[in-house]
Amino acid sequence: MGEFALLLFLGVAQLERKQISARTKEKAEWRAQKGLKNGGQILGYDIDPDNPGVPTVNETEKQLVRLIFETYVKVKGLRRTAEEINRKGYRSKSYVSRRGKSCGGNLFNDMAIRRIIANAFYIGKVRHKDQIYDGQHQPIVPVELFEKVQRIISGNRGKRGRPQGRHLFVLD
């Protein structure tokens, strides 16, 4: 009987975990469909304590975000963009978490730049999985600039690949 009770409790606990997971996913999708952000800090925006789903524009960071997009258009490379932004003295968004921990304020790297320039949030959209919805927040990057950056990214992807030269391997 003890083993049966243990298995019964484990089964109920697993069912509860699955239900919580499903409700969380449904809520995240619902928020995205309504144009609300699903949490986290984003460069260029501040969390509005009165309306946490609709961030407000941070004017100082807004200029940095636009500079990142414009620099990428000029230099056409993630690493070169990060180096240029860092050289000018800019750092990632600094904030204090709900638990009181200081976060951010780091140098930009190529992946941080990639996350910024590929994020449709900056043109007023909210992404959830493969779907993009109109957001309730104010866009800070013109759509034309965002699309130009996306074309450059697509073009850069095509340039990568295997080296054209032959490789010789010496076997013992």
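Student: How many nonpolar, polar and charged residues does the lining of the second largest pocket have, by class?

Tutor: That lining has five nonpolar, six polar and four charged residues. In this count Ala, Val, Leu, Ile, Met, Phe, Trp, Tyr, Cys and Pro are nonpolar, Asp, Glu, Lys and Arg are charged, and the others, Gly among them, are polar. This is a predicted model: local features need pLDDT of at least 70 and side-chain atom pairs count only at pLDDT 80 or more, while totals for chains, interfaces and linings use all residues. Residues are numbered from 1 along each chain as its sequence is written, and side-chain values use heavy atoms, with hydrogens and water left out.

Student: Which residues lie nearest the centre of the largest pocket?

Tutor: On a 1 Å grid over the protein atoms alone, a pocket is an open set of points where a 1.4 Å probe fits, with protein on both sides within 12 Å along at least five of seven lines; lining residues have an atom within 4 Å of a point. Here, 25 residues line the largest pocket, and Gln41, Ile42, Leu43, Arg115 and Asn119 lie nearest its centre. Helix α4 (110-117) and strand β5 (125-128) each supply at least two residues of this lining. Its composition by class is twelve nonpolar, eight polar and five charged residues. The second largest pocket is lined by 15 residues, with Gly39, Gly40, Gln41, Ile47 and Arg98 closest to its centre.

Student: How many salt bridges does a search of the whole structure find?

Tutor: Side chains of opposite charge can pair when their charged atoms come close. The criterion is a side-chain nitrogen of Lys or Arg within 4 Å of a carboxyl oxygen of Asp or Glu. By that criterion, the search finds eight in the whole structure.

Student: With which residue does lysine 93 form a salt bridge?

Tutor: Lysine 93 pairs with aspartate 46, with 3.1 Å between the closest N and O atoms. Lysine 93 is in the loop between α3 (78-87) and β3 (95-96), whereas aspartate 46 belongs to strand β1 (residues 45-46), so the pair ties together parts that are 47 residues apart in sequence. Helices (H or I, at least four residues) and strands (E, at least two) are DSSP runs, numbered from the N terminus. Lysine 93 is buried, at 9% relative accessible area, whereas aspartate 46 is partly exposed at 30%.

Student: Where do glutamate 59 and lysine 62 lie?

Tutor: Both residues belong to helix α2 (residues 59-75), where they are three residues apart, about one turn of the helix. Glutamate 59 is partly exposed, with a relative accessible area of 47%, while lysine 62 is buried at 12%. Elsewhere, salt bridges that share partners join Asp46, Glu61 and Lys93 into one network.

Student: How many residues apart in sequence are lysine 148 and cysteine 103?

Tutor: They are 45 residues apart in sequence, and their C-alpha atoms are 31 Å apart in space. Lysine 148 is located in helix α5 (residues 143-159) and is partly exposed, with a relative accessible area of 40%.

Notes
Buried < 20%, exposed > 50% of the residue type's maximum accessible area, 1.4 Å probe, protein only.
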